[in-house]
Amino acid sequence: MAQFLQVNGDYGIKTVAGGDIRLDTGPQIGNVRVTGNLIVEGDTLTVEAENLNVNDNTIVLNFGETGAGVSLRYAGIQIDRGTLDPVSISYDENDDTFIFAQGSGDSGVFNYSSSAIRTRYIRTNADTDGGDLTLVGTGTGVVKV
């Protein structure tokens, strides 16, 4: 049988400094449901789940940025690869480019030696550049087809 606690006003739980609060559903995996908005205040949010389902079609990174651009230069997604170097898809504010490489924006060190993008099409913006594809680099590189 369910038990309910109802209060008239706000409700707070406070532990000793550095204490934990655990919501334990018992030996069988149950659910903890939050109706309303959930605001997590802290430096780290860790989700230990096999599947993460997000209903929103846009995930916002670097939320709350107050400067004119990404103040820490890089923002993106990092994939942990265990004992191998992480790989990242990052935006570089200084160069106005996207980075697909080994490394992370946290360190600002990227390794492009084995980075690749596998895709079927590359589309340009024909409205502004006539559909031209421009490859920019330095040195004496060669375009291979």
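The legends below describe close-up views of a predicted model. Local features need pLDDT of at least 70 and side-chain atom pairs count only at pLDDT 80 or more, while totals for chains, interfaces and linings use all residues. Residues are numbered from 1 along each chain as its sequence is written, and side-chain values use heavy atoms, with hydrogens and water left out.

**View 1. Tyr74, Phe110 and Tyr112 form one aromatic cluster.** A search of the whole structure finds three aromatic pairs, where rings of Phe, Tyr and Trp (its six-membered ring) pair if their centres lie within 6.5 Å, and planes under 30 degrees apart count as stacked, over 60 as edge-to-face and the rest as tilted. The ring centres of phenylalanine 110 and tyrosine 112 are 6.4 Å apart and their planes stand at 40°, so this pair is tilted. Phenylalanine 110 is buried at 14% relative accessibility, whereas tyrosine 112, at 46%, is partly exposed (buried means under 20% relative accessible area, exposed over 50%, partly exposed in between, with a 1.4 Å probe and protein chains only).

**View 2. Strands β2 (residues 84–92) and β3 (residues 97–104) run antiparallel.** Six bridges join β2 to β3, and strands pair if DSSP finds at least two bridges between them; strands themselves are DSSP runs (E, at least two residues), numbered from the N terminus. Valine 87 has glutamine 102 in β3 as its bridge partner. Four residues lie between the two strands of this hairpin, and aspartate 96 in the turn has a positive phi of about 50°.

**View 3. Strand β4 (residues 109–111) pairs with β3 in the antiparallel sense over three bridges.** Valine 109 in β4 stands opposite serine 104. This hairpin also has four residues between its strands, and glycine 108 takes a positive phi near 70°.
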